[in-house]
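Have a look at the fold before reading on.

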Amino acid sequence: AQFASPDDACCRNPKNVIRPAFTLRSHEAPLDIIFTEIPVIGKFFLITSHGVGNRSISVFPLEKDGSPRQDLVAPKRLIYGDQGIWAVTPVSMVIAPCRVSPTCQFFTDDSDNAVLI
């Protein structure tokens, strides 16, 4: 619907808007997203972020029907590097079979043109 001059009350009315299922932090700069399921873990999706000061891969768990998990207030962030400091700049991802595990997460590193597991 089009409104002449929407205000906060208009935007908070569920008849006028569809609330987002997930929210991201400001300056998150997502580059890639993968929805997947691993039997022992469940359904989830991964986002690579290339933002200022928050280069990471975030894990968002999902319910069995694919809806967002309501018991989690923030995604889990994967750390790749020493002392909890993200040492790479993740860009693109793929989950595929590999020699060390039935499935591995591969991703590209924009800082040194590498593919990492």
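How many residues lie between strand 6 and strand 7 in their hairpin, and which residue in the turn has a positive phi? Four residues separate the two strands, and Asn 113 is the one in the turn, with a positive phi of about 55°.

Before going further, a word on the ground rules. This is a predicted model, where local features need pLDDT of at least 70 and side-chain atom pairs count only at pLDDT 80 or more, while totals for chains, interfaces and linings use all residues. Residues are numbered from 1 along each chain as its sequence is written, and side-chain values use heavy atoms, with hydrogens and water left out.

**The overall layout**

Starting at the N terminus, the order is α-β-β-β-β-β-β-β. Of its 117 residues, 28% are buried (buried is under 20% relative accessible area, exposed over 50%, partly exposed in between, with a 1.4 Å probe and protein chains only). The accessible surface is about 8,400 Å², and 56% of that belongs to carbon and sulfur atoms (Shrake-Rupley method, 1.4 Å probe; for residues, only the protein chains shown count as cover).

**Around strand 6**

Strand 6 and strand 7 run antiparallel and are joined by three bridges (strands pair if DSSP finds at least two bridges between them). Thr 108 has Val 115 in strand 7 as its bridge partner. Strand 6 also pairs with strand 5 (residues 90-96), again in the antiparallel sense, over five bridges. There, Pro 90 is partnered by Asp 109 of strand 6.

Five of the six residues of strand 6 are buried, so the strand is largely enclosed by the rest of the structure. Asp 109 sits in this strand (residues 104-109) and is buried, at a relative accessible area of 4%. Setting aside neighbours within four places in sequence, Asp 109 is in contact with Val 88, Thr 89, Ala 114 and Leu 116 (contact means heavy atoms within 4.5 Å).

**The nonpolar core**

The largest nonpolar core has ten residues, among them Val 88, Phe 107, Ala 114 and Leu 116 (such a core is a set of buried Ala, Val, Leu, Ile, Met, Phe, Trp, Tyr and Cys residues joined through side-chain atoms within 4.5 Å). Strand 2 (42-49), strand 3 (56-61) and strand 7 (114-116) are the elements that give two or more residues to this core.

**The aromatic rings**

A search of the whole structure turns up two aromatic pairs (ring centres of Phe, Tyr or the six-membered ring of Trp within 6.5 Å; planes under 30 degrees apart count as stacked, over 60 as edge-to-face, the rest as tilted).

| Pair | Centre to centre | Angle of planes | Type |
|---|---|---|---|
| Phe 35 and Phe 45 | 4.8 Å | 35° | tilted |
| Phe 45 and Phe 60 | 4.6 Å | 0° | stacked |

Phe 35 in strand 1 (residues 30-38) and Phe 45 in strand 2 are ten residues apart, while Phe 45 and Phe 60, the latter in strand 3, are 15 residues apart. Phe 35, Phe 45 and Phe 60 form one aromatic cluster.
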